[in-house]
Amino acid sequence: MKELMLGNKALARGLYEAGCAVASSYPGTPSTEVTEEAAKFKEIYCEWAPNEKVALEAAFGACLAGKRSFCAMKHVGLNVAADPMFTISYTGVNAGMIINVADDAGMHSSQNEQDSRHYAIAAKIPMLEPSDSAEALYFTKKAYEISEKFDTPVLLKMCTRVSHSQSIVETSERVEPPVKPYQKDASKYVMAPANAKRRHPFVEERTKKLSEFAETSDLNKVEYSSAPEGKKLGIICDSTCYQYAKEVFGDSVSILKLGMVWPLPQKLIKDFANKVERVVVLEELDPIIETLVKAMGLKAEGKNIFPVTDEFSQGMVASLLGKEFGKEAKTGCSKIDGLPVRPPVMCSGCPHRGLFYTLHKQKCTVMGDIGCYTLGAMPPLSAMDATECMGASVSSIHGFNKATGGETEGKTVAVIGDSTFMHSGMTGLANIAYNQSNSTVIILDNSITGMTGHQQNPTTGFNLRGDPAGKIDLEALCKALGIKRVRVCDPYNLKETETAVKEELSVKEPSVIISRRPCALLKYVKHNPPLKVNEEKCRGCKSCMQIGCPSISFKNKKAVIDSTQCVGCGVCSQMCAFGAFEQ
């Protein structure tokens with residue numbers, strides 16, 4: 001049956017058809033929907049793990065037990081999972097295992113633009129890279145075959161455009177592979193130095209065999225042009241760049257499309273290069289393929305033409321290769337004159353707004369973390385000083401306070417979400433308790449993993465499918481980690497929040513504030529009626545604009561409430577000295 005599918009949904013369908021039994025992941029855009037879609041198949045056990053490292057280790061355990069397994073994450077999540085991945089490359093697998101990583105060229109929802117292909121080369125693990133939804137499904141099934149044939153985990157690399165675009169997919173029935181019995185083999189699976197030393201040659205030999213496999217695999221394909229000058233230009237490309245090349249040039253140039261981007265088919269590449277006059281490597285981000293092609297002794301162009309930053313577009317590819325293509329600019333970005341800029345802001349009623357207003361008011365230095373609360377750095381709140389990676393805020397405040405000899409201890413806080421705290425904030429808090437910096441950590445508990453679209457986490461009491469699950473008590477956990485001062489405040493209550501911040505910053509010991517209020521977008525949250533502005537009381541002082549709420553604007557020098565957005569949280573009414581906001 002044919003169906004129009006999102007790339008991530010097609011990948012999940014591939015898991016189902018290939019007989020995957022266990023999927024453990026951590027949500028991260030643009031990879032999140034894969035596991036959410038896989039969870040719709042009752043035949044696949046699916047879970048959200050606390051972080052990517054745990055997820056990959058769980059997936060490895062499942063494949064060791066003899067069932068095909070899967071793990072998904074975004075590119076920065078692979079940094080977290082790298083530790084087990086490099087060692088699993090040595091141990092190999094029992095049943096097949098796929099590690100799905102989704103890159104984000106253009107940084108639509110990420111803090112960096114790293115290229116995950118480096119990991120495949122460094123860990124010596126094969127990497128497949130589909131260019132559309134149909135390939136996402138097919139490559140998933142092929143990845144399991146490769147995994148089991150060559151005794152290796154397989155990296156399946158997606159990107160934002162492939163993950164979140166749709167194309168036609170032809171589905172088929174699920175095929176349950178036989179369970180591979182587990183056999184105790186310490187020399188293969190126990191990576192003590194002596195065993196690991198013997199496994200390394202196996203990895204090198206495996207790479208040679210995979211290179212030979214790549215030469216004839218249908219994952220890589222050559223499309224020679226039959227046009228009169230069709231061999232003047234030969235484009236070597238992967239992923240979305242194949243789509244850009246086809247849309248710009250059609251069949252007027254020759255193309256070598258690489259679906260297996262590591263290891264590369266050297267003979268196939270050399271043969272292609274010898275049959276065209278000019279070789280151009282078209283790839284987003286780093287010159288991975290270009291560098292390897294040049295290492296083969298071939299003359300090729302690439303990053304001398306194309307940028308190493310941002311995602312590409314048809315218009316940019318056409319422009320930089322000297323071909324007319326529509327009216328799109330070199331950057332590939334269309335611009336409509338006259339439209340106002342719409343900066344990202346926290347939602348109306350966001351529970352984090354009251355807290356960040358308080359931190360800004362108190363002139364706190366704020367160590368930030370990864371989540372929708374990173375928007376607290378945006379004006380007018382401007383209440384964040386640094387954001388690096390998951391869990392970094394808790395570790396950073398400790399180092400910051402230690403480096404200043406304690407001078408900043410009463411002026412600096414760390415903020416971290418409930419899901420992020422479970423991901424990688426706990427160890428940082430243990431460090432604070434163990435090495436005793438008088439640091440105040442604020443856990444922004446909005447009862448969900450908000451940034452990636454409302455996924456459950458270990459503090460919510462529900463699993464991926466929404467069924468009741470184990471629930472971690474944040475207050476008890478923080479105390480168990482060695483923090484004696486733990487308190488809860490409601491960020492909708494500005495006075496309560498300000499009191500909590502002032503008091504915890506004044507004490508001479510580590511402390512935790514849990515700023516607790518469910519995300520305003522959760523379906524079960526009941527809102528108050530929208531507020532109204534009494535124009536007679538409004539003095540036009542604009543104090544209410546200091547919280548940056550998208551429900552509040554000014555018209556004729558008076559505050560105006562957008563009733564379609566306002567959830568009646570009442571934060572603005574606590575700021576108005578004239579009582580202009582009414583229910």
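This is a predicted model: local features need pLDDT of at least 70, side-chain atom pairs count only at pLDDT 80 or more; totals for chains, interfaces and linings use all residues.

The entries below go topic by topic.

**Ground rules**

Residues are numbered from 1 along each chain as its sequence is written, and side-chain values use heavy atoms, with hydrogens and water left out.

**Cysteines**

I looked for disulfides, meaning a pair of cysteine sulfur atoms within 2.5 Å. I found zero. I then checked Cys 241 itself. Its closest cysteine sulfur is in Cys 237, 6.9 Å away, again too far for a bond.

I also looked up accessibility. My classes are buried for under 20% relative accessible area, exposed for over 50%, and partly exposed in between, with a 1.4 Å probe and protein chains only. Cys 159 is buried at 5%. Cys 241 is buried at 1%.

**Aromatic rings**

Next I searched for ring pairs. Rings of Phe, Tyr and Trp (its six-membered ring) pair if their centres lie within 6.5 Å; planes under 30 degrees apart are stacked, over 60 edge-to-face, and the rest tilted. The whole structure gives seven aromatic pairs. One of them is Tyr 224 with Phe 272, stacked, with 5.8 Å between centres and 25° between planes. This pair links distant parts of the chain, 48 residues apart: Tyr 224 is in the loop between β9 (220-223) and β10 (233-238), and Phe 272 is in helix α11 (residues 266-274). I take helices (H or I, at least four residues) and strands (E, at least two) as DSSP runs, numbered from the N terminus.

Phe 272 is buried at 0%.

I then looked for charges over rings. The test is NZ of Lys or CZ of Arg within 6 Å of the ring centre and within 35 degrees of the ring normal. Lys 231 lies over the face of Tyr 224, 4.9 Å from the ring centre. Lys 257 has its charged end over the ring of Tyr 242, 5.6 Å from the centre.

**Strand β18**

I moved on to β18 (residues 511-516). Five of its six residues are buried, so the strand is largely enclosed by the rest of the structure. Which strands pair with it? For pairing, DSSP must find at least two bridges between two strands. Strand β16 (residues 440-445) runs parallel to β18, joined by six bridges. Here Ile 443 has Ile 514 as its bridge partner. Strand β17 (residues 485-489) also runs parallel to β18, with five bridges. Cys 489 stands opposite Ser 515 there.

β17, helix α18 (residues 494-506) and β18 make a right-handed β-α-β unit. Right-handed means that, with the strands pointing away from the viewer, the path from the first strand over the helix to the second runs clockwise.

**Salt bridges**

My cut-off is a side-chain nitrogen of Lys or Arg within 4 Å of a carboxyl oxygen of Asp or Glu. The count is 36. I noted three.

- Arg 68 and Glu 148 meet at 2.9 Å, N to O. Arg 68 is in the loop between α3 (52-64) and β4 (69-74) and Glu 148 in helix α6 (residues 133-150), so the pair ties together parts that are 80 residues apart in sequence. Arg 68 is buried at 12%, while Glu 148 is partly exposed at 24%.
- Glu 504 and Arg 487 also meet at 2.9 Å, N to O. Glu 504 is in helix α18 and Arg 487 in strand β17, 17 residues apart. Glu 504 is buried at 2%; Arg 487 is partly exposed at 23%.
- Asp 490 and Arg 517 meet at 2.6 Å, N to O. Asp 490 is in the loop between β17 and α18, and Arg 517 is in the loop between β18 and β19 (532-533).

I also logged a network: shared partners join Asp 115, Arg 117, Asp 238 and Glu 283 through salt bridges.

**Helix α1**

Last, I looked at α1 (residues 7-17). Of its 11 residues, 10 are buried. Gly 19 follows α1 with a positive phi, near 85°.
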